[in-house]
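Look over the chain below from one end to the other. Then follow its parts in turn.

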Amino acid sequence: MADISPDLVLEARAGLPDDLRYLLEKYPRESWDAHPNVHGMAQMWLQRHGMFRELGGILTGAIADYREGRTDARQFAQFFAPRLNFFLGNLDGHHNVEDQHYFPVFARVESRLKRGFDILDSDHHLIHDALERNAATANEFLRALEGDDDARRRAADAYAGENERLVTMLARHLDDEEDLIIPLILERGDRELGGY
């Protein structure tokens, strides 16, 4: 993992630095849907990221519903546990494929973006740690559902905090990753980037 300056660490930055946004300036977000290279790898990336955003929102809503008394402990656990497992497992798997395959290929094809891929790789390590904390506090919360009201409330609050942190980190990361990768795919196409 590359050394990342403190202002570019995931929870500190507000976006990618200007020197990594040159392809985004050429291919702004509002032009992506109309570009002929958006199909294939770019569309897969955007759909996958959309799924992560949607699942993060569903989990956030589920914990809010429980904390506000709109669902009981049994309903919450039945709904929440399988979705959380799916979310965490798929996110971790997605990041592993990016780190092991896509990022090295993309950095070789467009060497001026290597620092951007280093930043995204650093994000993955931070997100992985957040995933582990999220899973641990979720398990503690699910166990606490069998306890008294105070134990359930404390565990729900702890999980809600970890979930909020993860979803916030993930939102910043997904936006930055798309800003780096989708314009590169539009510029070079699937075949040149090994996505055919």
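**Helices and the bridges between them**

Glu 178 is buried, with a relative accessible area of 2%. Keep in mind that this is a predicted model. What does Glu 178 meet in a salt bridge? Its partner is the side chain of Arg 29, at 3.0 Å from N to O. Glu 178 sits in helix 5 and Arg 29 in the loop between helix 1 and helix 2, so the bridge ties together parts 149 residues apart in sequence. Arg 29 has 34% relative accessibility, so this residue counts as partly exposed. The two residues also belong to a wider group. A network of salt bridges links Arg 21, Arg 29, Arg 53, Asp 175, Glu 178 and Asp 179.

Now step back to the whole chain. How many helices and strands are there? The chain has five helices and zero strands. Read from the N terminus, the order of elements is α-α-α-α-α. The C-alpha trace spans about 55 × 35 × 25 Å along its principal axes. Of the 196 residues, 46% count as buried. The accessible surface of the chain is about 9,900 Å². Carbon and sulfur atoms account for 49% of that surface.

Just after helix 2 comes Gly 69, which takes a positive phi of about 80°. An α-helix has 3.6 residues a turn, so residues three or four places apart point the same way.

Next, consider charge. The chain carries 23 positive and 37 negative side chains. The centres of these two sets lie 2 Å apart. A search of the whole structure finds 20 salt bridges. One of them joins the side chains of Asp 19 and Arg 115, at 2.5 Å from N to O. Asp 19 lies in the segment before helix 1 (22–26), and Arg 115 lies in helix 4 (residues 114–144), so this pair ties together parts 96 residues apart in sequence. Are these two residues buried or partly exposed? Asp 19 counts as partly exposed because its relative accessibility is 46%. Arg 115 is also partly exposed, at 34%.

Glu 187 forms a salt bridge with Lys 26, and their closest N and O atoms are 3.0 Å apart. Glu 187 is in helix 5 (residues 149–192) and Lys 26 is in helix 1, so the pair links distant parts of the chain, 161 residues apart. At 31% relative accessibility, Glu 187 counts as partly exposed.

Finally, return to the loop between helix 1 and helix 2, where His 35 has its place. His 35 has a relative accessible area of 18%, and the cut-off for buried is under 20%, so His 35 counts as buried. Which residues does His 35 contact, leaving aside its neighbours within four places in sequence? They are Tyr 27 and Leu 186.

Contacts across the chain can be counted too. Take the contacts between residues at least 6 apart in sequence. Of these, 83% join residues at least 24 apart.

Terms used: Residues are numbered from 1 along each chain as its sequence is written. This is a predicted model: local features need pLDDT of at least 70, side-chain atom pairs count only at pLDDT 80 or more; totals for chains, interfaces and linings use all residues. Side-chain values use heavy atoms; hydrogens and water are left out. Helices (H or I, at least four residues) and strands (E, at least two) are DSSP runs, numbered from the N terminus. Buried means under 20% relative accessible area, exposed over 50%, partly exposed in between (1.4 Å probe, protein chains only). Contact means heavy atoms within 4.5 Å. Accessible areas come from the Shrake-Rupley method with a 1.4 Å probe; for residues, only the protein chains shown count as cover. Lys and Arg count as positive and Asp and Glu as negative; His and the chain ends are not counted. The place of a charge is taken as NZ of Lys, CZ of Arg, CG of Asp or CD of Glu. A salt bridge is a side-chain nitrogen of Lys or Arg within 4 Å of a carboxyl oxygen of Asp or Glu.
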